[in-house]
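This report describes one protein structure.

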Amino acid sequence: MLRANLTDPDGAWAGLTLDVRARPRPDLCLRTAPLRLLLTQEGDPVLLGAVRPPASGVDFFRTDRYRSPVPPLRAQTTRAYGGSAERWAHRFAELLATSPGTPLHDGRWVLSPDPRLRHWNHGRRAPAEYWSSMLIDGHPDGYADWYLHNGSWEIFPLRPMPDADDSRVKAYRKQALDGTLPPVLLWWVSGLDCHLVLDGHARLAAAIAESVDPGLLELHRTVPEDEADTETRHAVVAYEAELMRFAELRVLHGSGVPDGAEFAGPGTHPPARRSTHRPPSHLGLAIARRHQGMGTHRPRADRRALGTWRAVVTP
């Protein structure tokens, strides 16, 4: 696996890109069937889901078989890293590349701090209240509401959240107060419209117990820039072809257009009569492929049933 630093326009560190090779299938894999979801880890079922039509939410059941791909973090390492998101990102990238049970498979991934979850705290609620509200409750079963929480990017624990007086949580609470708490590792899964907690259930519980904002690192799959540029060019060419076609229709039906009327572009028709000509199918395909490649935050894209059980290549 190759990794490289990402920087924002100001030159500040913004995350890592991970180019994964020689991993054709992920160990932690989301599978789909008509109105069904199944998350497996090395073949073991971790999470089962039944989608309520019409895609309003999912009833889920956790099996308690999830195993974190990140080994227990040593106190010495925690002190040395001092809460640095950049150093922890490199550490987690190394562990994800070498550990079994991860979602990584061939392609490009991004591991970065995730500020989007913080933006939803419009009411400026206390951190304990806000982050508790972002958790999807229920163990072993529960319900994820896609209708009310669409686009909220909630946090889905793969284990029961430990209590505030749990021994691990107590140890992390001290780190939460002194600013050295390691970040929580999340995996964005659009098919569930939420972030799965890959590692850090106890750290998240400690941050909530002390009412501080937890550090977050989000893992999501993307596409290489050259592939994105190619799909963008295809979509632009197809759209320009549509503009030309509609311009020809305007000339053809010009007698039915009132004086001074303006043509509004694709999707409109001269008032005289509607054309029965269908737009080229490749336009829809190009746009769909573009959305699929870049759509790590398209919440409804992966909810549609895809026939028989199969591995979802782009979660």
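## Basis of the description

Helices (H or I, at least four residues) and strands (E, at least two) are DSSP runs, numbered from the N terminus. The model is a predicted one, in which local features need pLDDT of at least 70 and side-chain atom pairs count only at pLDDT 80 or more, while totals for chains, interfaces and linings use all residues. Residues are numbered from 1 along each chain as its sequence is written, and side-chain values use heavy atoms, with hydrogens and water left out.

## The chain as a whole

The protein chain contains 8 helices and 13 strands. Of its 315 residues, 42% are buried, where buried means under 20% relative accessible area, exposed means over 50%, and partly exposed lies in between (1.4 Å probe, protein chains only).

Among contacts (heavy atoms within 4.5 Å) between residues at least 6 apart in sequence, 68% join residues at least 24 apart.

## The H5 and H6 pair

Helix H5 (residues 167–178) and helix H6 (residues 201–209) have axes that come within 8 Å and cross at roughly 60 degrees. The axes are lines fitted to C-alpha atoms, for helices over the stretch in contact, and angles run from 0 to 180 degrees between N-to-C directions. H5 and H6 are therefore oblique to each other; angles under 35 degrees count as roughly parallel, over 145 as roughly antiparallel, 65 to 115 as roughly perpendicular and the rest as oblique. The crossing of H5 and H6 is right-handed, the term for a near helix turned clockwise from the far one by less than a right angle, with anticlockwise giving left-handed.

On the H5 side, the contact is made by Arg 168, Val 169, Tyr 172, Arg 173 and Ala 176, which meet Ala 202, Arg 203, Ala 205, Ala 206 and Ala 209 of H6. The residues of this contact comprise 7 nonpolar, no polar and 3 charged. In this division, Ala, Val, Leu, Ile, Met, Phe, Trp, Tyr, Cys and Pro count as nonpolar, Asp, Glu, Lys and Arg as charged, and the others, Gly among them, as polar.

H6 is mostly covered, with 8 of its 9 residues buried. The buried residues are His 201, Ala 202, Arg 203, Leu 204, Ala 205, Ala 206, Ala 207 and Ile 208. Their cover includes helices H2 (85–98), H4 (127–133) and H5, together with strands S9 (154–156), S10 (184–189) and S11 (194–199).

Just after H6, Ser 211 takes a positive phi of about 55 degrees, although Ser 211 is not a glycine. Ser 211 belongs to the loop between H6 and strand S12 (216–222) and is partly exposed, with a relative accessible area of 29%.

## Other local backbone features

Leu 35, also not a glycine, has a positive phi of about 60 degrees. Leu 35 is placed in the loop between strands S3 (28–33) and S4 (36–41), and its relative accessible area of 40% makes it partly exposed.

Pro 53 and Pro 54 are joined by a cis peptide bond with omega about 0 degrees; Pro 54 is in the loop between strands S5 (44–52) and S6 (57–62).
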